[in-house]
Amino acid sequence: MTGRVVLVTGASRGVGADTARLLAASGAHVFVNYRDKVKRADRVVADIVSSGGSAEAVKADLTDPAEAAAMFDVVRARCGRLDALVLNASGGMERDRDPDYAMRLNRDAQVRAVELALPLMPALSRVVFVTSHQAHFHGQRPTYDSYEAVAASKRAGEDELRARIPLLSERGIGLVVVSGDMIEGTITVTLLDRAEPGIVDARRAEVRSLPTVAEFAEAVAKAAVEPVATGHTVFVGGADYLTPTG
């Protein structure tokens, strides 16, 4: 990734932050997107810079079309191109959001981000969509009640992006999906445990161990650079999801 330019959405903490650090360590200049937690984003940038990497924070609420467009204007002005777009930001379990928020963020905002990024992305660049097994297999496997809106909207987002593979391929741009089981230590797992106490422990006991943030971030970072076919899905943890049912 030496000399390449990457934007990671939702990168002020967790998987996004670790992904940003890994890509910067590989030589990329990384734009660390955040919605409103500027101090957290600045800490991620400081960590990268202190380790000899190159990064900068860029604010945008992805559900706001104007803010999203302004973010890509910053990328254009600073670097003139974008070699990888990592779509990590997601949500929908927050109590203070309207009922349509999950779909606006996990589907509409993801598609908008790709459309805004396309003019900046040269041939051989990559879009990485980060999702969960609960979302990727939505409609095929049962999900938790508290996660239903997220699972349905992220599956809708993945479907919309896959429908654009022909357009992306015409431009030489690849799409890779990274899907994970519950990821130990993420805000999603914390919210799931609050909403339905015991389900995280039950899942942990069922599979013996859950992937960590570091393990999942490593898979996401690799998906941005490894030579795989467009449309490929990388699975992290949850081997039972990969076993045919019925």
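Which residues line the second largest pocket? Select Met 93, Glu 94, Arg 95, Ser 146, Leu 191, Arg 194 and Ala 195, which form that lining; the pocket holds about 160 Å³ of space. This is a predicted model, in which local features need pLDDT of at least 70, side-chain atom pairs count only at pLDDT 80 or more, and totals for chains, interfaces and linings use all residues. Residues are numbered from 1 along each chain as its sequence is written, and side-chain values use heavy atoms, with hydrogens and water left out.

A pocket here is an open set of points on a 1 Å grid over the protein atoms alone, where a 1.4 Å probe fits, with protein on both sides within 12 Å along at least five of seven lines, and lining residues have an atom within 4 Å of a point. A volume is the space filled by probe spheres set on the points, which are joined across faces, edges and corners.

Next, select Arg 13, Ser 90, Gly 91, Ile 187 and Thr 188, which lie nearest the centre of the largest pocket among its 50 lining residues; its volume is about 1100 Å³. Then colour α8 (187–195), which supplies the largest share of this lining, 5 residues; helices (H or I, at least four residues) and strands (E, at least two) are DSSP runs, numbered from the N terminus.

Finally, go to Leu 124, in the loop between α4 (101–117) and β5 (126–132), where phi is near 75 degrees, a positive value in a residue other than glycine. Arg 208, in the loop between α9 (199–207) and α10 (213–223), has a positive phi of about 80 degrees.
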